[in-house]
Amino acid sequence: MHEDNSRQQRVRIQQVQTLSHDWYLLQKTTFDYLRHDGEWQTQTRETYDRGDGATILLYNKAKRTVILIRQFRFPTYREGHDGFLIESAAGLLEEASAEQRIRAEVEEETGYRVGQVHKVFEAFMSPGSVTERLHFFVAEYDPASRIGDGGGLAHEGEDIEVLELPLAQALQMVADGRICDGKTIMLLQHAQLHLMPGKRGQQILVAGPYRSGTGDDPALMAANVAAMEAVCLPLYAKGHMPVLGEWLALPMLALAGSTQVGDAVYEELFHAHATRLLSHCDAVLRIGGASGGADQMVAVAQDLGLSVYFSLDEITQA
């Protein structure tokens, strides 16, 4: 406390002049500042007061996705950017608490109604000239959380596009400059470190023809399984964990009473089992020829935000 008081005593406000109070409050302040060498120095600073704000990142652990928005920001357009920034949902507090405001703002901008929100930190975003303190939140979402289209308020000039992106893609967009908003980068890095940390290797479902083109001939189906298994050791050598749906589904079908390929138990469980398995995977490797079942696995993986590969060469060493 003594140290805080001592620091406050190093500043003496001499004059405050309002330069503009149109959109927000722009002031020019003259003050005396006590330097470390004991000398007083008169300084002048302009400050822009737009109030404090809050921002939030919605994330889905199962899908490893996040919800962001894209909207036009004129100051960035003025500086040579195309003006359309990808951001986390955010808004000014306007006399509300940070949690109250961010709940309303995220629903207004994205259409998602969230349950529990977690505050992760707060920060001054441009302390050299702007007074705003930003409160950072995260919250989980699922498809059922969306109750509207979002888009913001047209009468306030908002025209917002809602984006659902895999976290890995969003981080790549930070790296290549497509995401260049500070608050959003901070929340994405928080998600990478604490909410959805990366794994050393991926669990990759190998999907290819099983029954397709075999006429349900057991020897031909076994050959198809062998073709999928042939890529498993190379995947493992790259540091990943390969898995075939057939490895787990076929014993489960036998336990459930299936007696032959294509019977009622088989039709009920085979692809459903693979779909459930995908929720525990990070990616799909699609190999081989035509297969409706394998294509279905690719579609499910894409809906879950998983990576989809079509050759071993696309998969890097873990």
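Predicted model: local features only at pLDDT ≥ 70, side-chain atom pairs only at ≥ 80, totals over all residues.
The side chain of His135 makes a polar contact with the side chain of Glu122, at 3.4 Å. His135 belongs to strand β9, which covers residues 133-140. With a relative accessible area of 11%, His135 counts as buried, because the cut-off for that class is under 20%. Apart from residues within four places in sequence, the contacts of His135 are Gly53, Ala54, Thr55, Leu93, Ala98, Lys119, Phe121 and Glu122.

Taken along the principal axes, the box filled by the C-alpha atoms is roughly 90 × 45 × 40 Å. Of the 318 residues, 39% are buried. The chain exposes about 18000 Å², and carbon and sulfur atoms supply 51% of that area. When contacts between residues at least 6 apart in sequence are considered, 60% of them join residues at least 24 apart.

A set of annotated positions comes next. An unreviewed UniProt entry lists Ala90, Glu105, Glu109 and Glu158 under "binding site". These positions are spread over 69 residues of sequence, yet they cluster in space, with a largest C-alpha distance of 12.2 Å. Ala90, Glu105, Glu109 and Glu158 are also found in the lining of the largest pocket. The annotation comes from the record and may be inferred rather than shown by experiment, whereas the clustering is computed from the model.

Two of the annotated residues can be followed in detail. Glu105 is located in helix α3, which spans residues 98-110, and Glu109 lies in helix α3 as well. Glu105 has a relative accessible area of 5% and is therefore buried. For Glu109 the relative accessible area is 2%, so this residue is buried too. Beyond residues up to four places away in sequence, Glu105 touches Ala90, Gly91 and Glu158. With neighbours within four places left aside, Glu109 is in contact with Ile69, Ala89, Ala90, Gly150, Gly151, Gly152, Glu158, Ile160 and Val162. Ala90 and Glu158 therefore occur among the contacts of Glu105 and among those of Glu109. Ala90 and Glu158 are themselves listed in the "binding site" annotation of the record.

The backbone also deserves attention at two loop positions. Arg64 is placed in the loop between β4 (53-60) and β5 (65-72). Its phi is near 55 degrees, a positive value in a residue other than glycine. Arg64 is partly exposed, with a relative accessible area of 24%. Glu95 sits in the loop between β7 (89-92) and α3. Phi of Glu95 is near 75 degrees, again positive in a residue other than glycine. The relative accessible area of Glu95 is 83%, and Glu95 is therefore exposed.

Methods:
Residues numbered from 1 in each chain as written. Heavy atoms only, no water. 1 Å grid on protein atoms, 1.4 Å probe; cavity = no way out; pocket = protein on both sides within 12 Å on 5 of 7 lines; lining within 4 Å. Helix = DSSP H or I, 4+ residues; strand = E, 2+ residues; numbered from the N terminus. Buried < 20%, exposed > 50% of the residue type's maximum accessible area, 1.4 Å probe, protein only. Contact = heavy atoms within 4.5 Å. Areas by Shrake-Rupley, 256 points an atom, 1.4 Å probe, with all protein chains shown as cover. Polar contact = N/O pair within 3.5 Å; in protein donor to acceptor, adjacent residues only side chain to side chain.
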